[in-house]
Amino acid sequence: MPRARVAHECIVDPRALKTACGVSVDDIAKRLIDYGFHAPTMSFPVPGTLMIEPTESESKAELDRFCDAMIAIRQEIAEVESGRFEIEASPLRHAHTPCTTSPTITGPRLCRAEGCFPAGTSRTDKY
């Protein structure tokens, strides 16, 4: 019986989003930081992608939390796609920055809590 192979990593390819609505791999990686995760490897082995490789020490709860963050980030991308936010005024573009309420940003204003501590996170989730 052949041995089953299990990959320890996956590549998420958001390159089409850059063309469609301006969301970049950097936007996603920085937003993950707001959710309390270290940004995944970017641009290796495929430029413009995220290589996600959890370690064996990650608990199921932590993996679920990561998945929840990725789902929430995808929802934020959908808000850019739908026109709720221009990419320049979105939580994605202003992720991991101290000022999310700059008067130079057009469109709906973000409160600091939404920008720095997105839904489901707390000050203790940050590294």
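Is F37 buried or exposed? With a relative accessible area of 8%, F37 is buried, where buried means under 20% relative accessible area, exposed means over 50% and partly exposed lies in between, computed with a 1.4 Å probe on protein chains only. The structure is a predicted model, in which local features need pLDDT of at least 70 and side-chain atom pairs count only at pLDDT 80 or more, while totals for chains, interfaces and linings use all residues. Residues are numbered from 1 along each chain as its sequence is written, and side-chain values use heavy atoms, with hydrogens and water left out.

**Overall fold**

The protein chain holds four helices and three strands, these being DSSP runs numbered from the N terminus, with H or I over at least four residues for helices and E over at least two for strands. Read from the N terminus, the order of elements is β-α-α-β-β-α-α. Of the 127 residues in the protein chain, 35% are buried. Among contacts between residues at least 6 apart in sequence, 58% join residues at least 24 apart, a contact being heavy atoms within 4.5 Å.

**The sheet**

The three strands make an open, antiparallel sheet in the order β1-β3-β2, where two strands pair if DSSP finds at least two bridges between them. The edge strands, each pairing on one side only, are β1 (10–12) and β2 (41–42). Three bridges join β1 to β3 (residues 50–52) in the antiparallel sense, and C10 has I52 of β3 as its bridge partner.

In the loop between β2 and β3 sits T49, which counts as buried at 1% relative accessibility. A polar atom of the T49 side chain lies 2.6 Å from the backbone oxygen of V46. Leaving aside neighbours within four places in sequence, T49 is in contact with residues including I11, V12 and D13, and also with T41, M42 and S43.

**Core and aromatic pair**

Not counting residues up to four places away in sequence, I73 touches I28, R31, L32, Y35 and L92.

There is one aromatic pair, counted when ring centres of Phe, Tyr or Trp (its six-membered ring) lie within 6.5 Å, with planes under 30 degrees apart called stacked, over 60 edge-to-face and the rest tilted. The ring centres of F37 and F66 are 5.1 Å apart and their planes stand at 90°, so the pair is edge-to-face. Because F37 lies in the loop between α2 (25–34) and β2 and F66 in helix α3 (residues 60–82), the pair ties together parts that are 29 residues apart in sequence.

**Cysteines and accessibility**

The count of disulfides is zero, a disulfide being a pair of cysteine sulfur atoms within 2.5 Å. For C67, which is in no disulfide, the nearest cysteine sulfur is that of C10, at 8.8 Å. The table lists relative accessibility for selected residues.

| Residue | Relative accessibility | Class |
|---|---|---|
| F66 | 15% | buried |
| C21 | 15% | buried |
| C67 | 43% | partly exposed |

Notes: Polar contact = N/O pair within 3.5 Å; in protein donor to acceptor, adjacent residues only side chain to side chain.
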